[in-house]
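Please keep the sequence and the structure in view while reading.

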Amino acid sequence: NVAGPRTMVALVFGQSNSANHGETRYAPKREVYNFYDGKCYVAADPLLGATGDRGSVWTRLGDMLIESGMYDKVLLVPVGVGGTPVRRWTTTGDLHRRILDSIYQLKKKGFKITHIFWHQGEADVNTPKDDYVKMFTAMLEDIRKRGVDAPIYVAVATRCGSGPASLETQQAQRELVNTEKGIYPGPFTDALDTMDDRYDSCHFSDAGLRKHAALWLAAVKYSGRK
């Protein structure tokens, strides 16, 4: 009974801040589920399918989306891997298969992806802007070829550790936005840069995870897409 017209099916991926590397675990109170290896589970951190054994932003976002009244249920499909640059996710990368496998398994079970959330960039602070755009575009074009027309939300995310944020990578992520191609702005998470937001200067604290989830909620809400 997970599927339905008011169920969000969200493919969520990128690097560690899209996976289970947050400070604290969270168990949703609403109807939030986790799709993994062809099966649905009640969602709870750490989510099945992504790296890490701690907390995630997505469990919190699931509750927020339902509590906002936008959806009745949320099915999370997490495939994020910590420390990964965009080149590993593009069509020639070793992780692209994780995306394709998820698409195949969802279709096999009759699920249609409604949203894609991409939170990545910390590993690409030295990647030229045009190269980042090219690799992301190739990745998305292949996803579209698989029949997935869901909107993809691109976070502006480059901050990790004591170094400065990458303005060039930020610009690449902003330039990707093209609503005619179904690419929407995600949250600007580099702005979450205080000691209270990140427990180790890179990964989000309990307070940071709540703020991070609220930013994703706003991105979905104000995009005008359902």
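## The cavity

About 40 Å³ of space lies in the largest cavity, where a cavity is a set of points on a 1 Å grid over the protein atoms alone at which a 1.4 Å probe fits but cannot get out, and a volume is the space filled by probe spheres set on the points, which are joined across faces, edges and corners. The model is a predicted one, in which local features need pLDDT of at least 70 and side-chain atom pairs count only at pLDDT 80 or more, while totals for chains, interfaces and linings use all residues. Residues are numbered from 1 along each chain as its sequence is written, and side-chain values use heavy atoms, without hydrogens and water.

## The largest pocket

A pocket is an open set of points with protein on both sides within 12 Å along at least five of seven lines, and the largest one has a volume of about 200 Å³. Its lining includes Phe 35, Tyr 36, Asp 37, Arg 98 and Asp 101, and helix 2 (helices are DSSP runs of H or I with at least four residues) gives the largest share, 4 residues.

## The second largest pocket

The second largest pocket has a volume of about 150 Å³, and its lining includes Phe 136, Leu 140, Arg 144 and Lys 181. Here the largest share, 5 residues, comes from helix 3, residues 129–145.

How values were computed
Helix = DSSP H or I, 4+ residues; strand = E, 2+ residues; numbered from the N terminus.
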